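Have a look at the sequence and the picture before reading on.

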Protein chains: 2
Amino acid sequence: MRPDPYAPSQLLQAAVEQFASLPGVGKKTALRYALHLLKQPQERVSLFVSSLDRFRKEVRHCRVCSMITDEEVCPICRDPQRNHALICVVESIRDVLSIEATGEYRGVYHVLGGVISPMDGIGPSELTLSELVERVKTGQVQEVIFALSTDMEGETTSFYLYKLLVAYPVTVSTIARGVGFGDDLEYADQLTLSKSIANRQLFTPNL
Amino acid sequence: MRPDPYAPSQLLQAAVEQFASLPGVGKKTALRYALHLLKQPQERVSLFVSSLDRFRKEVRHCRVCSMITDEEVCPICRDPQRNHALICVVESIRDVLSIEATGEYRGVYHVLGGVISPMDGIGPSELTLSELVERVKTGQVQEVIFALSTDMEGETTSFYLYKLLVAYPVTVSTIARGVGFGDDLEYADQLTLSKSIANRQLFTPNL
């Protein structure tokens, strides 16, 4: 048996193992990260470590929309400039960041924290579905936009949520799906292409 | 100007920035790492953070060979089974790990901590050259093997070190360079191929 190449230092081995626990990071990359830390001044590494520690310990979920935030209510939900009658329902924190990065959406969000997936043991009670219904119940919400994935779990969740919301006077919509802007038709998958024809819209020329 | 997509949480932003300071890690990957930490139990993240912190604070350089280690002298330099009269000179910690991973080398090491590179402000005094000379001066060393890179800086360092060592009764050698085992001649670069012919060795059949 070959000797462990990291044997010279248990501390190095522990650091490499920790980095290798990150998604998509193998032993070689983990070693690279660890040796990088070793070359940094002590204060830099202290800042590195304390930033990650504080992030995990202090970050919380917005009481309203479940987005992560440093306070009780997130800056989006606190912003009086945003349209609080328009709620975009997404699966994850990352989805909010993606939509915010466009800079175009001026409504608010509701982060479900996942989708209904019996295979993964995720039922409706694991998600923030009832919190969304409570928001709609206030009568302040005009429209709920579903921005969930189009796989089986996403569709199931959209349908389940629709059934919960249909009792209230609120418009339920879903984001447009179709051939992406700038994409060639020949490279679009058949489902996307056929749906983009079925869901065609009136042409409005930019004059 | 677009709003900062990470604005919902300064803590997230700080964590992403720290991860993005690792080599080869962009903002997207850093965000992925940060959100991964968020999904882990608090104890897992504490272990993650403390392992990195302890690594940086407690790891040290071997008093003999400058390899990183958890004690004053590294396990390789402490190992009575290894040949302490044979020293392989390398640039970095990583080089030691690579050679150790082969499991074939039974001598000891000397880690220079870099190569002479006036462009980067690295002169002989920044490296552990005099420490190597001290080891040779004891008279216990029979052979020093250079395993430095073949670029200008590596060659300069090898030559400088050779001049320092030539005064002592020690054999100075360098690792074999040539076409790799299993490599096709047609893909070898011209320098490697021509040197591999010039430095040919007697054929010794495996009987």
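This is a predicted model: local features need pLDDT of at least 70, side-chain atom pairs count only at pLDDT 80 or more; totals for chains, interfaces and linings use all residues.

Start with chain A, which has eight helices and six strands.

| Property of chain A | Value |
|---|---|
| Radius of gyration | 23 Å |
| Box filled by the C-alpha atoms, along the principal axes | roughly 65 × 45 × 45 Å |
| Buried residues, out of 207 residues | 29% |
| Contacts joining residues at least 24 apart, among those between residues at least 6 apart in sequence | 45% |

For a compact globule of 207 residues you'd expect a radius of gyration near 17 Å, but chain A comes out at 23 Å.

Now for the inside. In soluble globular proteins, nonpolar side chains tend to be buried together. Here the largest nonpolar core has 93 residues, and among those with the most contacts inside it are A:Met67, A:Val89, B:Met67 and B:Tyr109. Which residues does B:Tyr109 touch, leaving aside those up to four places away in sequence? The list is B:Cys65, B:Met67, B:Ile76, B:Ile87, B:Cys88, B:Val90 and B:Val96.

Finally, look at helix H1 of chain B, residues 10-20, where B:Leu11, B:Leu12, B:Ala15, B:Val16, B:Gln18 and B:Phe19 are buried. These residues span an arc of only 160° around the axis, so they sit on the same side of H1(B). What covers them? The cover includes helix H3 (42-58) and strand E2 (68-69) of chain A, along with helix H2 (27-39) of chain B.

Notes: Residues are numbered from 1 along each chain as its sequence is written. Chains are lettered from A and ligands numbered from 1 in the order in which they are written. A nonpolar core is a set of buried Ala, Val, Leu, Ile, Met, Phe, Trp, Tyr and Cys residues joined through C-beta atoms within 7 Å. A residue is buried if 20 or more other C-beta atoms lie within 10 Å of its own, exposed if 12 or fewer, and partly exposed in between; C-beta atoms are placed from the backbone. Two residues are in contact if their C-beta atoms, placed from the backbone, lie within 7 Å. Helices (H or I, at least four residues) and strands (E, at least two) are DSSP runs, numbered from the N terminus. The radius of gyration is taken over C-alpha atoms; the globule rule is 2.2 Å times the number of residues to the power 0.38. The arc is that of the directions from the helix axis to the C-beta atoms.
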